[in-house]
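Here is a short briefing on selected helices and loops. Keep the sequence and the model side by side while reading.

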Amino acid sequence: MPVTAAAKRARELRKTLEAYNHQYYVLDQPTVPDAEYDRVFLELRQLEEQHPDLISLDSPTQRVGAPPRSELPEVRHAVPMLSILTETDTNEGAVAVFDTRIRKELDLDAAAPPVVYSGEVKFDGLAINLRYEHGVLVQAATRGNGEIGEDVTPNVRTIRSIPLRVATDAAVLEVRGEVLMKRADFERLNEQQRVAEAKIFVNPRNAASGFLRQLDSRITAQRPLSFYAYGVGELAGIDFGKSHGELLDGLLALGFPVFDLRCVSPGPDGLVAFYQEVARRRDALPFDIDGVVYKVDSFAAQRQLGFRSREPRWAVAHKYPAQEQFTELLDVEFQVGRTGAITPVARLKPVFVGGVTVSNATLHNADEIERLGVQIGDTVVVRRAGDVIPQIVQVALERRPNTARAIVFPSVCPVCGSMVERIEGEAKTYCTGGLICAAQLKESIKHFAQRRAMDVEGLGDKLIEQLVDQKLIASIADVYALQLETLAGLERMAEKSARNILAALDKSKDTILPRFLFALGIPDVGEATALALASYFGDLDSVIAADVEKLQRVPDVGPIVAQHMVDFFAVPRNIEVIQRLLAIGIKWPSIVARGRDQLPLGGQIFVITGALETLSRDQAKERLQELGAKVSGSVSKKTSCVVAGPGAGSKLTDAQALGLKIIDEAALIELLNENDY
């Protein structure tokens with residue numbers, strides 16, 4: 001076939017196949033038998049094989065997946081993917097609370113007309129951002145931390161309910177929604193796994209999340225994933241009207257799946273009815289949900305309301321009551337964490353609750369065991385709400401068997417045999433073995449090597465456990481003494497991988513003092529505290545030498561954190577490990593020490609309002625505090641500066657009325673860079 005005729009026929013076939021896909025996967029109304037779909041698909045594939053130049057990114061033949069990648073690249077979202085505030089009150093009165101807050105923040109009196117809201121189901125899947133340029137899908141990314149997600153484009157191309165091309169010439173269209181697995185598809189998949197004697201998946205959400213983040217998209221192509229759209233990100237050259245309801249209708253018209261169980265309600269009463277209706281239909285829905293979402297419908301009102309931290313003020317997620325089930329407490333095991341804290345873990349008779357099969361639950365500490373009065377052999381009520389770790393909330397004493405026995409907290413560490421102690425004023429019990437305890441050592445090295453600490457790429461949990469179990473390392477400093485032959489000789493470790501880890505270890509030696517302090521794993525010293533310590537003292541020796549009183553002069557360091565630090569540096573072994581790390585060659589740029597009053601923004605009060613696109617709200621707050629500023633949640637005459645981003649609301653209005661200094665995010669970054677250590 002001549003190239004011109006082949007190109008024309010290919011376009012016709014693609015258009016036909018996309019229509020079939022839309023009818024089958026989006027509308028759930030197939031119009032042709034599978035044999036006819038296969039015939040058209042085969043013709044297109046043969047055409048593309050004969051004329052490879054005709055293959056395009058939006059061709060249905062490209063949904064079969066691509067060869068594995070070594071990693072999922074990072075993607076910075078053009079518009080942050082914000083989370084939605086979750087209403088913890090599962091009663092219907094929460095709707096009235098939301099409406100009252102919205103009316104107050106919009107400055108509406110009792111005589112004003114009702115606020116128009118939209119209601120949608122809250123999907124229990126994985127949030128995704130689809131980027132189309134001139135109508136063609138060019139990128140798909142997970143939410144990640146809201147600012148940076150993972151590039152899963154090859155995997156998303158395999159999901160047949162997601163159009164590869166849409167009928168718009170818009171320069172940019174970012175569509176946001178949820179990737180999930182329907183219950184029926186999940187059950188069929190697990191039945192196939194059982195027949196093949198393969199892994200059984202726990203629940204639809206985890207299965208969908210795992211398949212979407214596969215490095216081999218050919219595996220994703222074999223899994224029955226679905227997608228529903230619920231919003232947009234960056235837009236250029238396209239308009240969806242003046243309300244959220246119009247936006248969803250517009251996305252549906254473009255060919256995106258939009259779930260039809262939704263409402264538009266003038267005032268809160270319709271939202272209450274919607275909440276009740278979804279609750280009645282919840283078990284009959286084709287997929288799992290854990291609540292509903294309410295949004296102010298008007299875009300203009302949304303802009304007026306703005307954002308709170310990383311959450312829109314104009315939306316709220318209203319969950320249903322936590323799901324609970326009876327089951328039997330079979331045994332209790334005791335786990336040892338990085339700080340030596342010993343945590344009792346309940347081993348349960350498996351029970352399906354909150355959308356998953358639960359076989360373990362936390363018992364927190366000895367006080368919790370005593371409060372519950374729980375014994376091994378008891379029938380207990382286990383609760384799981386959303387992604388919260390399952391927990392035992394009640395004991396059915398009337399069902400207690402004669403064989404029930406008390407839970408005895410260990411007097412020695414279950415891992416290393418060291419004595420345990422309970423610090424006065426704390427509920428937790430600790431192993432006193434320190435790093436001679438294999439459990440603490442493993443967790444300490446995992447913490448040390450993580451991305452936010454020393455960032456030793458490739459030094460994962462399984463490898464660390466092998467190294468400790470085989471007594472190849474006995475401290476965090478030992479990882480830098482590992483040899484190629486030692487690493488290459490480990491299970492599932494090739495020479496190339498071993499060389500990569502050694503290169504990553506060498507690279508990690510060039511760091512910064514805040515990362516190093518955080519990596520040491522001092523109890524309660526997180527990233528923000530480590531930043532504040534580095535900025536205040538300027539060098540490691542000064543941090544080590546500081547007493548409790550001096551440490552408390554550092555912003556946000558209280559008496560408990562200060563005591564933890566003094567105790568940590570009082571242990572000779574910890575100092576020895578630090579000296580070894582420095583001798584190995586770990587280094588960082590010099591920092592100018594500045595006391596709190598000497599910091600560039602010392603004594604100034606900042607308020608952040610609206611969305612930030614380059615920094616997260618937490619990052620901006622931490623960097624301002626690091627430079628001596630106080631970050632407040634409200635505007636007053638004492639406020640030194642207001643940082644206003646898109647969607648800034650009443651705080652910006654108040655700042656303008658008071659004549660305060662107002663800057664945007666670009667000016668904030670310039671200010672931070674000018675004063676950075």
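Arg492 sits in the loop between helix H14 (484–488) and helix H15 (495–508). Helices here are DSSP runs (H or I, at least four residues), numbered from the N terminus, as strands (E, at least two) are. This is a predicted model: local features need pLDDT of at least 70, side-chain atom pairs count only at pLDDT 80 or more, and totals for chains, interfaces and linings use all residues. Residues are numbered from 1 along each chain as its sequence is written, and side-chain values use heavy atoms, with hydrogens and water left out.

**Positive phi**

- Arg492 is not a glycine, yet its phi is positive, near 60 degrees.
- Arg492 counts as exposed, at 83% relative accessibility. The classes are buried under 20% relative accessible area, exposed over 50%, and partly exposed in between (1.4 Å probe, protein chains only).
- Asp455 is in the loop between H12 and H13.
- Asp455 also is not a glycine and has a positive phi of about 55 degrees.
- Asp455 is partly exposed, and its relative accessible area is 38%.
- Gly538 follows H17 and has a positive phi, near 85 degrees.

**H12 against H13**

- Two packed helices are described by the angle and the distance between their axes.
- The axes of H12 (residues 438–449) and H13 (residues 461–469) come within 10 Å and cross at roughly 140 degrees. Axes are lines fitted to C-alpha atoms, for helices over the stretch in contact, and angles run from 0 to 180 degrees between N-to-C directions.
- That angle makes H12 oblique to H13. Under 35 degrees counts as roughly parallel, over 145 as roughly antiparallel, 65 to 115 as roughly perpendicular, and the rest as oblique.
- On the H12 side, the contact residues are Ala438, Leu441, Lys442, Ile445 and Lys446. They meet Asp461, Ile464, Glu465, Val468 and Asp469 in H13. Contact means heavy atoms within 4.5 Å.
- By class, this contact of H12 with H13 has 5 nonpolar, no polar and 5 charged residues. Ala, Val, Leu, Ile, Met, Phe, Trp, Tyr, Cys and Pro count as nonpolar, Asp, Glu, Lys and Arg as charged, and the others, Gly among them, as polar.

- In H12, 10 of the 12 residues are buried, so H12 is largely enclosed by the rest of the structure.
- The buried residues of H12 include Gln440, Ser444, His447 and Phe448.
- In H17 (residues 527–537), 9 of the 11 residues are buried, so H17 too is largely enclosed by the rest of the structure.
- Among the buried residues of H17 are Thr529, Leu531, Tyr536 and Phe537.
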